[in-house]
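Please take a moment to look over the sequence and the model before reading on. The paragraphs below are meant to be followed with both in view.

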Amino acid sequence: QVQLVESGGGSVQAGGSLRLSCAASERTFSSYQMGWFRQAPGKEREFVAAISWSGGSTNAADSVKGRFTISRDNARNTVYLQMNSLKPEDTAVYYCAALDESSGEYDYWGQGTQVTVSS
């Protein structure tokens, strides 16, 4: 079972940048598609970005395209989310997740890291 630990959250002013990291315990990390999700207060959790096991394919929500970049380093068992041009509406708890190929679902989740963007 994959264990995921996010880090890098914090408070930043609008227009600023943050880089989130998600470290995985599993040595087979490189076989998992990884995703970032977020949940703002009073809202449902939403998809932010995903990356294939090799890093060769990525996709992102329209709301973050051109501002956020997902990447991974399989040698370090880590996936990243570079967030630029942050907006107050990006304020949320950010979670990384690993896709279980057998279920086709994101079954493994980290504990989340808070990102707060002030105007």
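What follows goes from a pair of strands to one residue and then to a disulfide.

This is a predicted model, in which local features need pLDDT of at least 70 and side-chain atom pairs count only at pLDDT 80 or more, while totals for chains, interfaces and linings use all residues. Residues are numbered from 1 along each chain as its sequence is written, and side-chain values use heavy atoms, with hydrogens and water left out.

Strands here are DSSP runs of E with at least two residues, numbered from the N terminus, and two strands pair if DSSP finds at least two bridges between them. Strands β7 and β8 pair in the antiparallel sense over six bridges, and they form a hairpin with four residues between them, where N77 in the turn has a positive phi of about 55°.

T78 belongs to strand β8 (residues 78-83) and is buried because its relative accessibility is 9%. Beyond its neighbours within four places in sequence, T78 has contacts (heavy atoms within 4.5 Å) that include C22, F29 and R72.

C22 is itself joined to C96 by a disulfide, with 1.9 Å from S to S; the term denotes a pair of cysteine sulfur atoms within 2.5 Å.

Notes. Buried < 20%, exposed > 50% of the residue type's maximum accessible area, 1.4 Å probe, protein only.
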